[in-house]
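Visitor: Could you walk me through this one? I have the sequence and the model open.

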Amino acid sequence: MDDARKKIADLQSKLSAANVIAEGRKSQTEAAKSTPPDPRAAAGVARANDETSADVSMLLNRGDSLLGKGDIASGRLFYQRAAEAGNGQAALRLGTTYDPAFLERAQLRVHGDRSLALFWYQRARELGVAEAEILLKGIETK
């Protein structure tokens, strides 16, 4: 039980750190967008976007790692954070963690939520992920 509490505390700490990074990058991007256009401002926006992209990649990788270990709930948190930052692949992956058909095929003993899977697949489609359309049709026919 103590070991589980330590793991939960560690995950909460990592998620908190990821949230701080994401919020910091978001404010940097907003600040860069509000400066008058000149070469230095354009470079600042490009750097902020690159850093934000790296942060989102870190969130996706962490979500993938947790999902691979069977920790669906924690993986969802990382995917959700990346999806809320506008990453379509994160929204798609988050949708699969709720998709009852995916969970059954993956032999994961987690209850799915069809409505949440639909929501995140639709969000992925809005963010330009073509695969989302296929998954949406699959879940809508069931």
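Visitor: What covers the buried residues of helix 6?
Guide: This is a predicted model. In it, the cover over the buried residues of helix 6 includes helix 3 (72-84), helix 4 (88-98) and helix 7 (131-140).

Visitor: And which residues in helix 6 are buried?
Guide: Ala117, Leu118, Trp120, Tyr121 and Ala124 are.

Visitor: How far apart are the end C-alpha atoms of helix 6?
Guide: They are 18 Å apart. Helix 6 has 13 residues (114-126), so at 1.5 Å a residue it should span 18 Å, and the two values agree.

Visitor: What follows helix 6?
Guide: Gly128, with a positive phi near 95°.

Visitor: Back to helix 3. Which of its residues are buried?
Guide: The buried ones are Ile72, Ser74, Gly75, Arg76, Phe78, Tyr79, Arg81, Ala82 and Ala83. Helix 3 is followed by Gly86, whose phi is positive, near 100°.

Visitor: New topic. Where is Arg109?
Guide: Arg109 sits in the loop between helix 5 (100-105) and helix 6.

Visitor: Buried or exposed?
Guide: Arg109 is exposed, because its relative accessible area is 88% and the cut-off for exposed is over 50%.

Visitor: How far is Arg109 from Gly70?
Guide: They are 39 residues apart in sequence and 9.1 Å apart in space, C-alpha to C-alpha.

Visitor: What about the pLDDT of the chain?
Guide: The protein chain averages 77, and 63% of the residues score at least 70. Over residues 39-51 the pLDDT is below 50, and this stretch has 10 contacts in the model beyond near neighbours in sequence.

Technical notes
Residues are numbered from 1 along each chain as its sequence is written. This is a predicted model: local features need pLDDT of at least 70, side-chain atom pairs count only at pLDDT 80 or more; totals for chains, interfaces and linings use all residues. Side-chain values use heavy atoms; hydrogens and water are left out. Helices (H or I, at least four residues) and strands (E, at least two) are DSSP runs, numbered from the N terminus. The expected span of a helix is 1.5 Å times one less than its number of residues. Buried means under 20% relative accessible area, exposed over 50%, partly exposed in between (1.4 Å probe, protein chains only). Contact means heavy atoms within 4.5 Å. pLDDT is the predictor's confidence in each residue, from 0 to 100.
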